[in-house]
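Please look at the sequence and the structure shown below before reading on. The report then goes through the arrangement of helices and strands part by part.

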Amino acid sequence: MNTTDVKQIAFRDAGFKSSVLDNTRHLGCRVLHSTTDETQNQCCIELLHGELTLKTTMETWRFVRKLEAESNIYQAQCLNNQVTVHLPGQRIAYFQADKLTKVNQNDLAVALACFIEQGYEHLDAMTLALAWLTQQARAAGAGWPEDRTWFPRTSFADDHVIADGAEFNPIRKELFTLYPVVDTLEWLALVLEQGVTTTQLRIKDANDKDLRKKIQQAIALGEQYGAQIFINDYWQLAIELGAYGVHLGQEDIEVADLSAIQQAGLRLGISTHGYFEIMRAFNLKPSYIALGHIFPTVTKDMPSQPQGLTRLGQYVELINGAYPTVAIGGINAERLPKVKATGVDSIALVTAITRADDPKAATQSLLKAVINDVQGEADATVCE
């Protein structure tokens, strides 16, 4: 690693103590004591009047004994092995580090600073920070945390839960290969005719007067072809009409009746966009976990940044076969082999099929590439 690659973090109080300062080098970080303003463009930790503050170029964190009801900065409260984070906008997130006896706020501030400097957004950075601290506390080294054993349980204060011991029905993993996401019955029929065995119907217009009929027909197509058809969003109709499964985003799982979906025997797929959401998904014991978006995508506006192949590989390692995984977002024929090489179970595609010059040939070629773990012959011009 070059010197220029090392992320510089400053602390501005001579009395600041942290047991993990030396180990930050394993994360590509270097923490320096400074009493000047030369570090104003760096991540900086300050201990003033007994209150610990972390300032970055993007955000400010305050480690507090009591959370304030209204605040425009991030607040973190450490109590034994639980960290409560109060986000700007009144939302509260919980992190339960079961394998730690107690969270040291000075160590946590240092670890959090390192992961923020590596480009992780606030909740993912906190998840990684606690995993890293737990890993060291358990004498498992100071390298990048990969073993899910060390990761905290994550949730929001208002999260829906399912009953103890309940879980969603599993999918047939051997059918979980190429995963086209389509918005019409015509596209659904086309990919099924080419041999696709798992797909998702994503109808964006909730006011479509034929919505019920289309979902019913999609379910019938799935039964006709022996395929796993997931209905995006419309979980009430999916239950009523006897769908195979539903796919929900992070916002959807907060309003859907998850217990009703589980008790009806439907499978559940959940979208995730990073470490916090992956660990949050584990609370629900879903049928599969979607990881995205991997590359820039034109199909929808995304609140998160593209994850890239390195992070995708880390997520697959983290999940480690506990649930089937599918990568989604900006994947085309050219990128498919590298995505597959991360070890992800399935690959979701949208425009790589619907914008192809020959959609049928493109579907066949992509399916062959996923199943054979190599890129097939280019039977069609596939564009993103």
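The crossing of α3 and α11 is right-handed, a crossing being called right-handed if the near helix is turned clockwise from the far one by less than a right angle, and left-handed if anticlockwise. Helices here are DSSP runs of H or I with at least four residues, and strands are runs of E with at least two, numbered from the N terminus. In contact, which means heavy atoms within 4.5 Å, Trp187, Leu190 and Val191 of α3 meet Pro359, Lys360 and Thr363 of α11. By class, the residues of this contact are four nonpolar, one polar and one charged, where Ala, Val, Leu, Ile, Met, Phe, Trp, Tyr, Cys and Pro count as nonpolar, Asp, Glu, Lys and Arg as charged, and the others, Gly among them, as polar.

Helix α3 covers residues 185–193 and helix α11 covers residues 359–372, and they pack at an angle of about 50 degrees with their axes 9 Å apart. Axes are lines fitted to C-alpha atoms, for helices over the stretch in contact, and angles run from 0 to 180 degrees between N-to-C directions. The two helices are therefore oblique to each other, since angles under 35 degrees count as roughly parallel, over 145 as roughly antiparallel, 65 to 115 as roughly perpendicular and the rest as oblique.

## Origin and confidence of the model

This is a predicted model, in which local features need pLDDT of at least 70 and side-chain atom pairs count only at pLDDT 80 or more, while totals for chains, interfaces and linings use all residues. Residues are numbered from 1 along each chain as its sequence is written, and side-chain values use heavy atoms, with hydrogens and water left out.

The chain has a mean pLDDT (the predictor's confidence in each residue, from 0 to 100) of 92, and 92% of its residues reach 70 or more. Over residues 374–384, however, pLDDT stays under 50, and for this stretch the model has 29 contacts beyond four places in sequence.

## The open sheet and its helices

Nine strands form an open sheet in the order β2-β1-β3-β4-β5-β6-β7-β8-β9, with mixed pairing; two strands pair if DSSP finds at least two bridges between them. The edge strands, β2 (29–33) and β9 (153–156), each pair on one side only, and the twist from one strand to the next averages 20 degrees. Within this sheet, β3 (residues 43–48) and β4 (residues 51–55) run antiparallel and are joined by five bridges, with leucine 47 standing opposite leucine 52 in β4.

Helix α1 (residues 105–117) lies across several strands, including β1 (7–11) and β4, and runs at about 5 degrees to β4. Helix α2 (residues 122–137) packs with α1 at an angle of about 125 degrees, their axes being 8 Å apart, and that makes α1 oblique to α2. The contact of α1 with α2 has 12 nonpolar, one polar and one charged residues.

## The closed barrel

Eight strands make a closed barrel that runs β10-β11-β12-β13-β14-β15-β16-β17, with parallel pairing, and the twist averages 25 degrees from one strand to the next. Strand β14 (residues 267–272) and strand β15 (residues 288–292) run parallel and are joined by four bridges, and isoleucine 270 stands opposite isoleucine 289 in β15. Helix α7 packs on the sheet and touches β14 and β15, its direction making about 160 degrees with that of β14. Helix α7 (residues 275–282) also lies across β8 (92–96) and β9, running at about 90 degrees to β9.
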